[in-house]
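Here is a short briefing for a reader new to this structure. Look over the sequence and the model, then go through the points by topic.

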Amino acid sequence: MSQLDQVNLFRGWPSTDLLPTERLKKAAVDALSNPLVSAEGYGYGPDEGYLPLRKNIAWWLSDFYAPVRPVDFDRICITGGASQNLACILQVFTDPIQTKHVWLANPTYHLVFQTFEDAGFYQRLGGIPEDEEGLDVSALAVALEAFEKELPEGNEDNEHENIKSPKPHRKSYRHVIYCVPTFSNPSNKTMSLSRRESLVRIARKYDALIICDDVYDFLQYPEINNSLVRSRLPRLVDIDRFLDNGPRDRFGNVVSNGSFSKLIGAGCRVGWAEGTGDLIYGLSQTGSTRSGGAPSQLMSTFINELFEDKSLQRHIADTIIPAGARRYALIISAIKEHLAPLGVTFLSGSEHHLAIGGYYVWIRLSLPFNVVEVCKIALDYYNLVLGDESLFTVPSSTTPQTDRQQHIRLCFMWEAEDKLAEGVRRLGSVLRMLCDK
Ligand SMILES: Cc1ncc(COP(=O)(O)O)c(C=O)c1O
């Protein structure tokens, strides 16, 4: 076991010095000192969540994404974060009989696999490869077509069977597509506009609900030293609103899953969902929300205070984005110095059609390195924590396996800035040690 201080380039959390602690303390005091606000905060809260926060989020999203028409607050409900809300979406909008398959980019954010399995989709996950522009939508179209053709005879007999009771607020989509269109986890790919439009059209054709974790969108690090006030790309939920005369039915084909975890702190457990008014209402009717009220109601009142004086927007612009840009530059320069000479490559911002951003660099090791072995040695000998590609691979027999898994995810937002280069240097030592073996 190594005696070195641990360096953790695996953990995908915001570093604690990036959190708005002082402002959040004041927000909590302000909310709890105002009897009108605290009375709401202490209650179960309306199913759709704390109304002032829904309104502020709608305004904020309208400003950032600048959709053709502003976002209305009835398109928004408050959630307990993207992970909790993924489970709620699956509870209301899928049925293990009617919903045939779940399609995910491969690699994918690993912690969603269990959520899909819990919702009845064990062994019904399909991984679709990515290229430089993110999810390969042509490969997805081919896979969906083949899947529909190959459905076993008699499978349609259960067309009218449901595990869940039919209710007007519910719809069971035939397919689910899960993706992170901007600065994806783990590969940090961003889908181009044409990809986004194709994906929405495919979802409409195959009756699929696209669940987008849009949790990194605000973390765009411009190359010149000023903060980006607008998103460069629309979300898929914006595209579904307006493309080819808008949604195909009252629920639409996209839900956007947003989160304050990377902006205020993961422990807040507050996020939001956006979709058509009917989809959002349906989501707010999840059994646990009907019983317990909107998730994270008290915390919602604190976060709302951060919107009231725009301190959240200022925190993102003045603290998170400059730190992200600095941290990204630090890790990239360390990769160039310590890993590139050993054959390690990565997709750099300048080769990318969009600004750099997010939390991760997805590095590719050259053959014959075995990434699982590399990560094990890194931990055992250098106390360096890393996540190798096998962790993020969709667990499915239908997922095309690349010959060898060669990638490692490096997170540059958790460790202290001075440890980023140290972690990369240690990884270089592991690779050199393996070369010398
Ligand atoms: C793609 C993606 N979705 C969801 C989450 C978790 O979001 P939340 O904390 O809101 O549950 C993460 C966190 O790493 C993530 O990377």
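**Briefing: cores, rings and backbone**

Ile-57 touches Ile-76, Ile-78, Phe-260, Trp-272 and Phe-307, leaving out residues up to four places away in sequence; contact means heavy atoms within 4.5 Å. This is a predicted model: local features need pLDDT of at least 70, side-chain atom pairs count only at pLDDT 80 or more, and totals for chains, interfaces and linings use all residues. Residues are numbered from 1 along each chain as its sequence is written, and side-chain values use heavy atoms, with hydrogens and water left out.

**Nonpolar cores**

- Apart from the core of Ile-57 lies another core, of 25 residues, including Leu-144, Leu-151, Ile-177 and Ala-203.
- A nonpolar core is a set of buried Ala, Val, Leu, Ile, Met, Phe, Trp, Tyr and Cys residues joined through side-chain atoms within 4.5 Å. Buried means under 20% relative accessible area, exposed over 50%, and partly exposed in between (1.4 Å probe, protein chains only).
- The largest nonpolar core has 105 residues; Ile-57, Trp-60, Phe-116, Phe-260, Ile-335, Ile-363 and Leu-410 touch the most other members.
- Helix H12 (residues 311-339) gives the most to this core, with 11 residues. Helices (H or I, at least four residues) and strands (E, at least two) are DSSP runs, numbered from the N terminus.
- This core lies between domain 1 (7-19 + 312-436) and domain 2 (21-309), because both give residues to it. The domain bounds come from an automatic or database domain assignment.

**Aromatic rings**

- The whole structure holds 20 aromatic pairs. Rings of Phe, Tyr and Trp (its six-membered ring) pair if their centres lie within 6.5 Å; planes under 30 degrees apart count as stacked, over 60 as edge-to-face and the rest as tilted.
- Trp-60 and Phe-260 are a stacked pair, 5.9 Å centre to centre with 15° between the planes. The two are 200 residues apart: Trp-60 is in helix H3 (residues 51-65), and Phe-260 is in the loop between strand E9 (254-259) and strand E10 (271-274).
- Trp-60 also pairs edge-to-face with Trp-272, at 5.4 Å centre to centre and 65° between the planes. Trp-272 is in strand E10, 212 residues from Trp-60. Both Trp-60 and Trp-272 are buried.
- Ring pairs link Trp-60, Phe-64, Tyr-65, Phe-218, Phe-260, Trp-272 and Phe-307 into a cluster.
- The charged end of Arg-235 sits over the ring of Tyr-65, 4.1 Å from its centre. The test is NZ of Lys or CZ of Arg within 6 Å of the ring centre and within 35 degrees of the ring normal.

**A loop residue**

- Phe-73 lies in the loop between H3 and strand E2 (76-79). Phe-73 is partly exposed, at 31% relative accessible area.
- Beyond its neighbours within four places in sequence, Phe-73 is in contact with Leu-51, Arg-54, Lys-55 and Ala-58.

**Backbone details**

- Most residues other than glycine have a negative phi, and most peptide bonds are trans.
- Asn-106 and Pro-107 are joined by a cis peptide bond, with omega about 10°. Another cis bond joins Asn-185 and Pro-186, with omega about 15°.
- Gln-123 is not a glycine, yet has a positive phi of about 60°. Gln-123 counts as exposed, at 61% relative accessibility.
- Asn-383 has a positive phi near 50°. Asn-383 counts as buried, at 10% relative accessibility.
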